[in-house]
Amino acid sequence: MAGSEASDDQKFSLSEVLDPFKLCLSENKEVYLEHYVAGWRGLVKFLNSLGSVFGFISKDAANKVHILVNYLNGENASQYVTVQSMVKYELENELVDLTKRGSHPESGCRTLLRLHRALRWLELFLERLRTGSEDSKTSAMCAESYNESLAQHHPWVVRKAAGMAFCVLPGRPAFLEVMNVGPPEQVVAMLGEALPLISEVYQITEDLYAQRNLLDLP
C-alpha cells in the first residue's frame, strides 16, 4: 500500500476519477477525450497507490494516456476533441491498422481501445468493492472482474502473472482507505456516484467501436 510518507499530491483520491467522468459527456453524449484522459490519470494513480501489484496494467495505461495527451496537444488537436471525432478523423484518413499491426501502432483508436478494455475491468472490480462485505476477498473480486474483461485480451503468461498478483491483494477495508474520501460508507456512496458515470462512458465507447468494427484492432 502507499506509504504514509507519500505527499498529498501523490496520494490518490477517488474524486480524481469522479470529477473528470462527471465532465466526460457532451449534451449529445459524445465523450470528451480530455476528460476521459484525466479520469484515467486518476485511475493510474489508484493502481500505483496499491504498490507494484498492478504495475503490469498501470505502466501500460500510463503509456496509453501519454500517447493520447500528445494527440490532444498536437497539430491535429481539433480532430481529437471527442472520441467520436477522433474515430471519424482517423478512419477517414486511414490512420488505423484495421487487420494487422502496421504503420499506425499508436493510432488514437487503438490506444483508446486498450484503455477502454481496462476500464471495464476496473468498473467491474470497483462495483464488487462497493457492494462487498468487510471480509469479502478482494483477490476473488479482482480475479473475477479480470476474467470477465481484460483476460480475454491477454496472453497466457500475462494472465498467469495477473492471477498471482491478485493473490496478495489487501482486504477490502484497505482498498476503501486508499480512496482517501473518508469513512467506508462515504467511499461506498462516492463509488455509487462514480460507477454509473464510468459505465455510461464505457457503453457509449463500446457501441461506437462496435458500429465501426473497431473492437478487435490488432
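**Helix H4 and the helices around it**

Modeller: Just after H4, Glu94 takes a positive phi of about 50°. This is a predicted model. Now step back into the helix. H4 spans residues 83-92. Its buried residues are Val83, Gln84, Met86, Val87, Tyr89 and Glu90. What covers them? The cover includes helix H2 (33-49), helix H3 (55-72), helix H5 (108-131) and helix H9 (184-211).

The closest N and O atoms of Glu16 and Lys45 are 3.2 Å apart. Glu16 is partly exposed, at 26% relative accessible area. Lys45 is also partly exposed, at 22%.

Next comes H9. Its Glu193 forms a salt bridge with Lys22, 3.1 Å from N to O. Lys22 sits in helix H1, so this pair links parts of the chain 171 residues apart. Lys22 is partly exposed at 44%, and Glu193 is partly exposed at 39%.

Then H5. Arg130 and Glu127 both lie in this helix, three residues apart, about one turn. An α-helix has 3.6 residues a turn, so residues three or four places apart point the same way. The salt bridge between Arg130 and Glu127 brings N and O to 2.8 Å. Arg130 is partly exposed at 27%, and Glu127 at 29%. The structure holds nine salt bridges.

Methods: Residues are numbered from 1 along each chain as its sequence is written. This is a predicted model: local features need pLDDT of at least 70, side-chain atom pairs count only at pLDDT 80 or more; totals for chains, interfaces and linings use all residues. Side-chain values use heavy atoms; hydrogens and water are left out. Buried means under 20% relative accessible area, exposed over 50%, partly exposed in between (1.4 Å probe, protein chains only). Helices (H or I, at least four residues) and strands (E, at least two) are DSSP runs, numbered from the N terminus. Contact means heavy atoms within 4.5 Å. A salt bridge is a side-chain nitrogen of Lys or Arg within 4 Å of a carboxyl oxygen of Asp or Glu.
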